[in-house]
Amino acid sequence: PKMDTDLIVQLLIVLSGVLGVIFAIFNYKTVSSISLDSLDEAQGFVNGDISPDSMAKLRRIYSHIQNGARAFLYAQYRFCGFFVAGFSIVVLVLTSRKKVEGSVNKFEWDWEAGALTMTAYILGAVTSMVCGYIGMIVAVFSNARTTIAATRGWDACFKTALQAGVV
């Protein structure tokens with residue numbers, strides 16, 4: 001009974017994560033079906049109001065935004081890397097010191113507990129940075145595609161933006 005409940009909960013957690021990834025991939029594929037490469041490929045999505053010159057300008061602006069976002073992320077994560085490295089040492093030291101049971105002012109060092117806590121901190125920070133990177137790249141990726149979808153009206157534009165945001 002207790003073992004079965006724990007196993008079911010663990011399976012539900014893993015299944016939820018897998019379903020979330022599958023849903024994100026589906027939405028990414030839907031958004032990425034809007035082409036920026038040629039007007040002919042995008043024509044099925046565009047109502048004809050966009051000219052080849054406008055598509056070229058859109059691709060150029062998209063490229064500049066993409067380069068700017070990558071430069072920003074590089075600078076941001078370089079700083080975050082130094083911060084995480086430095087603060088992980090603080091976490092290690094502060095979580096390794098523990099009070100000796102039964103004493104008032106006696107402490108001992110438990111480096112294993114501190115190292116595990118520091119590892120959890122680093123993994124959390126890295127996971128957060130990876131999610132932020134993916135979010136920024138998907139946002140930039142979908143920006144121009146949402147613009148193309150807007151040529152078909154609010155419904156297509158909103159649907160594209162929502163699907164990109166889900167990713």
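Colleague: What should I know about the numbering and the model before we start?

Modeller: Residues are numbered from 1 along each chain as its sequence is written. The model is predicted, with local features needing pLDDT of at least 70 and side-chain atom pairs counting only at pLDDT 80 or more, while totals for chains, interfaces and linings use all residues; side-chain values use heavy atoms, leaving out hydrogens and water.

Colleague: How many helices and strands does the chain have, and in what order do the elements run?

Modeller: Five helices and two strands, running α-α-α-β-β-α-α from the N terminus. Helices here are DSSP runs of H or I with at least four residues, strands are runs of E with at least two, and both are numbered from the N terminus.

Colleague: Why is helix 3 called roughly antiparallel to helix 4?

Modeller: Two packed helices are described by the angle between their axes and the distance between the axes. Axes are lines fitted to C-alpha atoms, for helices over the stretch in contact, and angles run from 0 to 180 degrees between N-to-C directions. Helix 3 and helix 4 pack at about 170°, with axes 10 Å apart. The classes are under 35 degrees for roughly parallel, over 145 for roughly antiparallel, 65 to 115 for roughly perpendicular, and oblique for the rest. That makes helix 3 roughly antiparallel to helix 4. Their contact has 28 nonpolar, nine polar and two charged residues. Nonpolar covers Ala, Val, Leu, Ile, Met, Phe, Trp, Tyr, Cys and Pro; charged covers Asp, Glu, Lys and Arg; the others, Gly among them, are polar.

Colleague: What makes helix 4 roughly antiparallel to helix 5?

Modeller: The axes of helix 4 (residues 111-150) and helix 5 (residues 154-166) cross at roughly 170° and come within 8 Å. That angle makes helix 4 roughly antiparallel to helix 5. This contact holds seven nonpolar, three polar and one charged residues. Among the residues that meet are V138 and R145 in helix 4, and A156 and C157 in helix 5.

Colleague: Why is D110 called partly exposed?

Modeller: Buried means under 20% relative accessible area, exposed over 50%, and partly exposed in between (1.4 Å probe, protein chains only). D110 has 24%, so it counts as partly exposed. D110 lies in the loop between strand 2 (107-109) and helix 4. Not counting residues up to four places away in sequence, D110 touches S96 and K98, where contact means heavy atoms within 4.5 Å.

Colleague: And what makes V18 partly exposed?

Modeller: V18, in helix 1 (residues 2-32), has a relative accessible area of 41%, so it is partly exposed. In helix 3, the buried residues include M55, L58 and S96. Across the chain, 24% of the 167 residues count as buried.

Colleague: Which residues does M118 contact, leaving aside its neighbours within four places in sequence?

Modeller: M118, found in helix 4, is in contact with S88, V91 and L92.
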